[in-house]
Number of protein chains: 2
Amino acid sequence: MSQPLRLGIAGLGTVGMGVVRIVRQQAALLSARTGRDITISAVSARSRDKDRGISLSDYAWETDPVALAKRDDVDLFVELMGGEDGPAKDATEAAIAAGKHVVTANKAMLAMHGQTLAEQAEAAGRALRFEAAVAGGIPVIKVLTEGLAGNGITRVMGVMNGSCNYILTRMETAGLSYQDVFAEADGLGYLEADPQLDVGGIDAAHKLAILSSIAFGTRVDFAGIELEGIERISIEDIRAAADMGFKIKLLGVAQKTGRGLEQRMQPCLVPDTSPLGQLQGGTNMIVLEGDAVEQIVLRGPGAGAGPTASAVMADVCDIARGFSLPVFGQPATTLEAATPALSVLPAPYYLRMGLVDKPGALAKVAKALGEAGVSIERMRQYGHADAEAAQVLIVTHKTTRASLNVAVEAMEGTGVLAQAPVALRIEHL
Amino acid sequence: MSQPLRLGIAGLGTVGMGVVRIVRQQAALLSARTGRDITISAVSARSRDKDRGISLSDYAWETDPVALAKRDDVDLFVELMGGEDGPAKDATEAAIAAGKHVVTANKAMLAMHGQTLAEQAEAAGRALRFEAAVAGGIPVIKVLTEGLAGNGITRVMGVMNGSCNYILTRMETAGLSYQDVFAEADGLGYLEADPQLDVGGIDAAHKLAILSSIAFGTRVDFAGIELEGIERISIEDIRAAADMGFKIKLLGVAQKTGRGLEQRMQPCLVPDTSPLGQLQGGTNMIVLEGDAVEQIVLRGPGAGAGPTASAVMADVCDIARGFSLPVFGQPATTLEAATPALSVLPAPYYLRMGLVDKPGALAKVAKALGEAGVSIERMRQYGHADAEAAQVLIVTHKTTRASLNVAVEAMEGTGVLAQAPVALRIEHL
């Protein structure tokens with residue numbers, strides 16, 4: 001048997017402790033599968049005294065993650081602290097510079113600094129792997145980078161933030177408002193310390209940026225993502241969508257178009273009978289389409305100690321087995337800069353708006369759409385109390401986002417809107 | 001860049017030509033991703049003159065696949081001929097003996113000779129890989145062997161034969177009999193040359209045996225599978241199941257029980273709202289459960305030139321990248337012999353039977369069940385014309401297959417059955 005692979009783990013939250021647990025409880029299995037013992041040399045976290053349920057006294061303790069990353073008895077640095085800059089990035093760079101492999105779950109760091117870090121790791125001949133950064137327990141990085149290596153990837157799509165999906169499905173099943181469910185989710189600890197990362201779609205967009213890079217051979221381009229969170233989705237939208245056979249999901253889509261790379265992370269309507277439409281709660285789903293494989297759908301838990309640690313250990317085992325491949329599937333220096341193309345492909349849209357109760361209001365909305373070249377497929381006006389605005393729903397035929405924006409701007413100039421319209425793309429999968 | 005990886009391909013049917021097409025059309029992509037050129041040196045098939053739509057004149061032609069496997073200009077032998085013995089096995093063994101890597105889509109060969117071939121390949125230090133052997137384009141072997149390497153696998157389950165799923169869903173949607181849909185599928189070329197491989201569940205069981213070995217660290221044990229085909233499923237069963245909220249699927253399940261390894265491939269009832277229940281046509285679905293990851297579901301095309309070639313190319317790319325791991329995920333010599341345990345875990349069952357029209361007939365059936373300790377959860381008797389047997393459906397509470405068999409045997413002794421009962425397990429997923 002080869003030399004053991006010695007880990008240094010920085011960050012001992014739920015995921016970090018999940019990794020410690022697997023390394024201890026599955027030692028025999030890991031050794032049988034990788035041909036090496038996998039051991040832990042040292043750990044690091046903010047608080048040394050916190051009771052984490054497992055004794056860590058067998059492992060050296062480092063207060064400074066950078067010191068941990070450089071230790072002679074560490075072959076592989078496991079970064080589970082999070083944060084796009086600061087200690088996570090410092091320690092990752094220190095580990096690579098010291099000739100260590102790195103496994104991380106840090107999507108923010110990869111989305112912002114992935115190119116630099118990949119170039120550093122590849123120049124040093126060391127692995128930088130991040131299965132746990134996208135879609136929790138689903139081994140989507142491996143499937144995309146290796147399992148579909150023979151494919152020209154045509155589209156990547158999915159629900160990648162369990163918290164948002166929890167909020168949207170809970171609003172629907174309990175009939176609660178966004179604000180109520182947000183407060184509930186926050187109380188249950190389902191949201192990031194900065195909840196905007198979740199509900200603003202940023203966390204999901206980090207993940208999409210990583211998948212895009214691998215899928216299309218482009219440099220990670222977080223800034224090129226058309227990004228919209230779920231904060232404006234109301235229970236009325238969810239009910240209206242359901243009424244027409246749709247669910248609302250925070251959906252990520254990346255695809256190459258004639259004009260460049262389209263990356264979107266935004267709430268969309270999807271058919272309620274589609275696999276994405278049926279996804280409940282914190283579960284994630286990724287759809288991968290390739291020119292040979294057609295379509296693969298992966299579903300699994302998007303977070304949690306066990307599933308995320310499972311993804312970390314997949315990377316650890318690959319490194320133990322000696323697998324070596326470029327960080328984003330092809331050498332970082334060969335990745336092309338992405339040319340962002342925002343929603344150039346036409347789609348049907350859902351529009352919800354409140355109209356003031358004046359004769360001719362609806363006609364003005366219809367005129368604004370018509371003049372922008374947007375044609376109406378379905379329209380519903382709901383009954384309303386005297387004091388309220390009339391709720392109007394419109395489903396358009398296929399149109400571009402640009403045309404829709406022209407129409408919405410024209411509507412806003414007519415003075416008949418009681419509030420700004422909600423416009424959501426409809427994705428037929 | 002490293003030396004090119006030179007393929008020799010035996011078998012130029014749809015999958016073989018799919019591989020040729022990818023190697024030619026994606027040359028630049030494959031090279032960027034693997035760091036090596038992937039080329040074809042030589043090919044072999046039964047008929048040299050057949051028009052396959054692509055000129056093969058750049059490649060040497062071998063009539064004998066064994067000669068192809070041993071060629072000096074072949075580094076990797078791609079076996080796409082099929083058949084559990086004969087030329088496929090001879091050529092695979094010859095390739096390994098000559099120091100070549102092997103990639104195959106041959107589930108029958110692996111299910112019957114996997115242990116021997118794995119020992120040969122590992123002794124020779126060569127890869128023997130078979131992503132395409134299970135679930136077409138879904139990279140399930142990679143997900144199980146690598147993506148979930150940190151998990152103790154607890155259960156593997158799925159729909160692994162697209163032809164059977166096509167027949168069952170077509171019966172349901174078109175309201176046709178098994179015989180009619182079988183004839184239709186056969187006419188469309190959806191079935192193996194020996195259709196019993198499909199409808200008898202053998203092909204699916206080959207796949208299950210391979211997955212079990214990787215999941216549980218046991219030697220491939222095809223003989224240990226409790227196997228039942230779909231030939232006895234009637235349109236009445238499909239309708240009755242639908243009436244109670246179920247679909248009928250040819251479902252494979254493998255799990256470790258206290259008594260040993262349970263492997264089943266048999267038609268089961270699954271809830272019609274479950275992901276497996278909603279699987280239509282030729283699509284495959286594999287559910288993998290592990291102690292850390294909880295549950296991962298993979299869905300994709302189970303057959304076809306593109307998807308299967310995609311899986312073959314995943315293996316080819318891994319070998320080009322220099323990845324090396326044991327054939328079944330841990331060294332073949334460390335795999336334990338499986339102890340088969342047949343359906344020891346209790347489950348509810350669906351029973352359909354025709355009763356002769358005699359007073360007390362139903363009472364006799366109920367008595368036989370009661371005496372075997374099988375309790376009835378639901379029972380329906382359908383109206384019938386005078387000359388026909390009365391159709392009776394029973395859903396039992398959880399019971400063992402052994403108790404159910406005792407009950408069925410007792411019923412058969414009473415003389416009230418017009419035909420042998422159909423008994424199907426109900427899987428709540």
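Guide: What follows goes through the interface and then turns to chain B itself.

This is a predicted model, in which local features need pLDDT of at least 70 and side-chain atom pairs count only at pLDDT 80 or more, while totals for chains, interfaces and linings use all residues. Residues are numbered from 1 along each chain as its sequence is written, chains are lettered from A and ligands numbered from 1 in the order in which they are written, and side-chain values use heavy atoms, with hydrogens and water left out.

Chain B brings 49 residues to the contact and chain A brings 49 residues, where contact means heavy atoms within 4.5 Å. About 3,800 Å² is buried between the two chains, with 53% of that area from carbon and sulfur atoms; buried area is the accessible area (1.4 Å probe) that two parts lose on being put together, summed over both.

Lys142(B) and Glu146(A) form a salt bridge, their closest N and O atoms lying 2.7 Å apart.

On the side of chain B that touches chain A, the elements giving two or more residues are α2 (27–34), α6 (140–147), β12 (294–301) and α12 (305–320) of chain B. Helices (H or I, at least four residues) and strands (E, at least two) are DSSP runs, numbered from the N terminus. The most comes from β12(B), with eight residues. By class, this side of chain B has 26 nonpolar, 15 polar and eight charged residues; Ala, Val, Leu, Ile, Met, Phe, Trp, Tyr, Cys and Pro count as nonpolar, Asp, Glu, Lys and Arg as charged, and the others, Gly among them, as polar.

β12(B) also pairs with strand β12 (residues 294–301) of chain A, in the antiparallel sense over three bridges; two strands pair if DSSP finds at least two bridges between them. In this pairing Arg299(A) stands opposite Val297(B).

Within chain B, six strands form an open sheet with parallel pairing, in the order β3-β2-β1-β4-β5-β6. Its edge strands are β3 (60–61) and β6 (128–129) of chain B, each pairing on one side only. Strands β1 (residues 5–10) and β4 (residues 76–79) of chain B run parallel and are joined by four bridges, with Gly8(B) opposite Phe77(B).

Definitions and conventions: Salt bridge = Lys/Arg side-chain N within 4 Å of Asp/Glu carboxyl O.
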